[in-house]
Amino acid sequence: MMHREYDELLTKLGVSIELHDQLVSSMEQAFSRSVLQQKNRPLQMAFFDAAYHDSHFGRVQLLYDFRKAGGKSIGTFCIYVPEEIALAAGVETFALCGGSSWSLNYADSLLPRDICPLIRSTIGMAVSNTCPYKKVKDFAVGETTCDAKKKTWDLIGAKVLEIPQKKGVIDQNLWLSEVMLFKRMMEELSGREITFHSLKEAIRLMNQKRLILKKINEFRTSDDPVISGLDALLISQIALNCSIHSFIDAGQRLIAELQQRADHHICAYERGGARILLAGTPAPLGFMKVHHIAESSGLRIVADESCTGVRYWRDTIDETCADTIDGLIAAVAQRYFQIDCPCFSPNKERIENIKSMVKQYKVSGVIQSILMYCHGYNVEAKIVENALAKEKIPSLKIVTDYSDEDREQLKVRIESFAEILNNLY
Ligand code: BJ8
């Protein structure tokens, strides 16, 4: 749905209205043929649907107004950026990761083609002047996770947090110093000192947000999940693209409805089907292809291991663990240091986490969904596959991008995986 009332604002932000229309139409198409095809959705999903449609319009207006009133904002590309610290300084954060196939080719003027679609899509939007977030931020904060990302930050001039590659004491100290640096960066940007009390309050709020996501996902552990994998993904995507207070309100309303559905045994799925854990690379807003194909092939995705899944909300921070600002910062750093991204070597925690999710969500199979050219996930996939095989859990690895070119081929592979699992199920 195009919202012509925002044309003036978008033009002011340097957005090309014609190309932006094309981008929005392509995102709307992806949404209508996946999310909106589902029957019997929770009524409270209306908030998340609206947030999706609004992500290129009303959300931009809110950020614009916030900044006009003196507010500061940053764009991020990774869940390593400590949101608690930004929040404590009153800085608004939002994810810049692109999930649309429409913008991929526009990135060719800056990047090689054989690079991860998440990066191409993001940069494609920036260079085609279709990213409305470009001018409603003070700067972007990147990180040294994969080679493709870190070299892209050099090209676009983002500020960069150094993420260590190992998890030893030296690495832990390095990360703590990066978190301190980020604190100073946020204080300088906002002109506000981060105090013990403001950080404690920010931790409390972020915990609340993460616990809401956790609770929503707990409903997926039941034999008849009251929410689909596709809807759970949309909620996670919106969590990274919505103000924290609106998200908490909407999340609480959704939980109340999900509880009622659970009490009345209202399942999100029309028919049964094997329970699946989806592991792998994140699925940013606009990219729903794998979830849609899997769930329309008779599988039920009941858990997501990615950064648009458990990795974002699994760990909270004990806000009572320290009585000094330094103590709280150390706790924030520790929380983020636990993230089990394949940029770490070795990354044993991820394997243990996947195995425990298999049990918790009672899945009978795992699909590893990996974005093309993501070597970290793609190589680590073998370790995941071997660990699952030892537990006698069938798994399927797919490597894909945002385009529709491989849709039929993926469908065939996922359907035959579903057939094997549904015979066991
Ligand atoms: S913590 S997964 S959000 S880095 S998919 S751009 S790694 S080539 S997104 Fe990620 Fe942070 Fe890790 Fe999560 Fe590179 Fe791979 Fe692309 Fe990736």
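Mentor: Start at Leu 278, whose bridge partner in strand 6 is Asp 304. Keep in mind that this is a predicted model.

Trainee: How many bridges are there between strand 5 and strand 6, and in what sense do they pair?

Mentor: There are 5 bridges between strand 5 and strand 6, and the pairing is parallel.

Trainee: What order do the strands of that sheet come in?

Mentor: The order is 6-5-7-8, which makes an open sheet of 4 strands with parallel pairing. Strand 6 and strand 8 are at the edges with a single partner strand each, so one side of each has no neighbour in the sheet. On average, neighbouring strands here are turned by 30° against each other, direction ignored.

Trainee: Which residues are on the covered face of strand 8, and which on the uncovered one?

Mentor: Leu 396, Ile 398 and Thr 400 make up the covered face. Ser 395, Lys 397 and Val 399 are on the uncovered face.

Trainee: What stands opposite Thr 400?

Mentor: Leu 371 does. Strand 7 and strand 8 run parallel and are joined by 6 bridges. Between the two, the chain passes through helix 16 (residues 375-390), and this β-α-β crossover is right-handed.

Trainee: Now helix 17. How many residues does it have?

Mentor: Helix 17 has 18 residues, 407-424, and its first and last C-alpha are 26 Å apart, close to the 26 Å expected at 1.5 Å a residue.

Trainee: Which of its residues are buried?

Mentor: In helix 17, Arg 407, Leu 410, Ile 414, Phe 417, Ala 418 and Leu 421 are buried. Looking down the helix axis, these fall within an arc of 110°, so they line one face of helix 17. The face turned away from that buried side carries exposed residues: Glu 408, Gln 409, Val 412, Glu 419 and Asn 423.

Trainee: And what covers the buried residues of helix 17?

Mentor: The cover includes strand 5 (274-280), strand 6 (299-304), strand 7 (365-371) and strand 8 (395-400), along with helix 12 (289-295).

Trainee: Different spot. Is Arg 350 buried or exposed?

Mentor: Arg 350 has 0% relative accessibility, so it counts as buried. Arg 350 belongs to helix 15 (residues 348-360).

Trainee: What is Arg 350 in contact with?

Mentor: Apart from neighbours within four places in sequence, its contacts include Glu 305, Asp 340 and Glu 380, as well as Arg 311 and Tyr 377. Ala 279 and Gly 280 are also among them.

Trainee: Let's move to strand 3. How many of its residues are buried?

Mentor: In strand 3 (residues 139-143), 5 of the 5 residues are buried, so the strand is largely enclosed by the rest of the structure. Phe 139, Val 141 and Glu 143 point one way, while Ala 140 and Gly 142 point the other way.

Trainee: Which strands pair with it?

Mentor: Strand 1 (residues 72-76) pairs with strand 3 in the parallel sense over 3 bridges. Strand 4 (residues 159-161) also pairs with strand 3 in the parallel sense over 3 bridges. Val 141 stands opposite Thr 76 of strand 1, and it also stands opposite Lys 159 in strand 4. The chain goes from strand 3 to strand 4 by way of helix 7 (residues 147-156), in a right-handed β-α-β crossover.

Trainee: What about helix 8?

Mentor: Helix 8 (residues 169-190) has 22 residues, which should span 32 Å at 1.5 Å a residue, and its end C-alpha atoms are 32 Å apart, which agrees. Its buried residues include Trp 175, Val 179, Phe 182 and Leu 189. Among what covers the buried residues of helix 8 are strand 1, strand 3, strand 4 and helix 14 (325-337). After helix 8 comes Gly 191, with a positive phi near 70°.

Trainee: Which peptide bond is cis?

Mentor: The one from Ser 345 to Pro 346, with omega near -5°. Pro 346 lies in the loop between helix 14 and helix 15.

Technical notes:
Residues are numbered from 1 along each chain as its sequence is written. This is a predicted model: local features need pLDDT of at least 70, side-chain atom pairs count only at pLDDT 80 or more; totals for chains, interfaces and linings use all residues. Side-chain values use heavy atoms; hydrogens and water are left out. The expected span of a helix is 1.5 Å times one less than its number of residues. Buried means under 20% relative accessible area, exposed over 50%, partly exposed in between (1.4 Å probe, protein chains only). The arc is that of the directions from the helix axis to the C-beta atoms. Contact means heavy atoms within 4.5 Å. Two strands pair if DSSP finds at least two bridges between them. Axes are lines fitted to C-alpha atoms, for helices over the stretch in contact, and angles run from 0 to 180 degrees between N-to-C directions. A crossover is right-handed if, with the strands pointing away from the viewer, the path from the first strand over the helix to the second runs clockwise.
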